[in-house]
Every structure is written in structure tokens, then in C-alpha cells.
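Please open the model in a viewer and keep the selection panel at hand. The stops below proceed from charged pairs to a helix pair and then to a surface patch.

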Amino acid sequence: MTLAARPWAAFAAFCGGLGLMLCAFASHGAETPEYALWLRLGGFGLVLHALAALLALGLSPDRWGRISAALFLFGGLVFALSLAAMTFGAPRWMGIVTPGGGLAMVFGWLALAWAFMRPVNADAAEKQDG
């Protein structure tokens, strides 16, 4: 892993742990089934995209891998934390933020697709092979 990717990998690990805590709280502390669903959905989405960020950093260690990882983590946090905030009493209008997190996650997948499909110059290909 490149030195530039290490902080993103550490942040992804943190997000994975946070997502797991949200899922656990959904099972043991949510007041209503609706709140439990919100916490599980946000927690699962955050864990999934923390893993996707690690995958992006490992398979595409260049700038595009870091961009997709950042979008996965930012989007996952916005998505999960906006749902969690409403669960813990924030006003319902906070739900308007949730789709923005989902959109960032979608852009993360598109950035990762670009990382794998973009043209690679011959010098970079030789460095990877040799």
C-alpha cells in the first residue's frame, strides 16, 4: 500500500467499526422497529463502503483509487450518520441529507470503474509488471 493510501485505509477501518456499532445498537437499543431499520441500513451501508474503500485502495493505488475511497467513506458517513441522527432525535428534515451520501457512494463506484477502465500509458504498465 502506498504511503498516500495509508490514512484512507485507517479511516476506512474506523468507518467499518462505526458501522458495526450502529448495527449492534439497532439490535439492542433502538426504540422502534423503524429506528432499528434506519440504524441497520446506515450501519450496513457504512461497513460495506468501508470494505469497498479498502478494495479500491488495494486494487487501484493511484489517485483514482484514493478518490473512490474518499467518496465511499464520505458518502457512507453522511448516509449512516444522517439516519442515526434522526434515530437519536434530530429533526426529520435531516433526512434530506441522506440521499447526498448515497449519491457520493454511487460516484465512488463510478470513480472506481474509471480507475480500472482508463487508459494506462506504457511506462506505468511496465513499472507495474517489472
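The structure holds 2 salt bridges, a salt bridge being a side-chain nitrogen of Lys or Arg within 4 Å of a carboxyl oxygen of Asp or Glu. This is a predicted model, in which local features need pLDDT of at least 70 and side-chain atom pairs count only at pLDDT 80 or more, while totals for chains, interfaces and linings use all residues. Residues are numbered from 1 along each chain as its sequence is written, and side-chain values use heavy atoms, with hydrogens and water left out.

Select Arg 92 and Glu 34: their closest N and O atoms are 3.5 Å apart. Arg 92 lies in the loop between helix H3 (63–87) and H4, and Glu 34 in helix H2, so the pair ties together parts 58 residues apart in sequence. Helices here are DSSP runs (H or I, at least four residues), numbered from the N terminus.

Next, select Arg 118 and Asp 62, whose side chains form a salt bridge at 1.8 Å, N to O. Arg 118 is in the loop between H4 and helix H5 (122–129), and Asp 62 is in the loop between H2 and H3, 56 residues apart.

Now display H1 (residues 6–28) with H2; they pack at an angle of about 160°, with their axes 7 Å apart. That makes H1 roughly antiparallel to H2 (angles over 145 degrees count as such).

Finally, select Leu 55, Leu 59, Trp 114, Phe 116 and Met 117, which make a nonpolar surface patch of about 570 Å². Patch residues have over 30% relative accessible area and no salt bridge, and nonpolar side chains are joined within 5 Å; areas come from the Shrake-Rupley method with a 1.4 Å probe. H4 gives the most to this patch, with 3 residues.

How values were computed: Patches are made of residues with over 30% relative accessible area and no salt bridge: like charges are joined within 9 Å, nonpolar side chains (Val, Leu, Ile, Met, Phe, Trp, Tyr) within 5 Å. Helices (H or I, at least four residues) and strands (E, at least two) are DSSP runs, numbered from the N terminus. Axes are lines fitted to C-alpha atoms, for helices over the stretch in contact, and angles run from 0 to 180 degrees between N-to-C directions. Angles under 35 degrees count as roughly parallel, over 145 as roughly antiparallel, 65 to 115 as roughly perpendicular and the rest as oblique.
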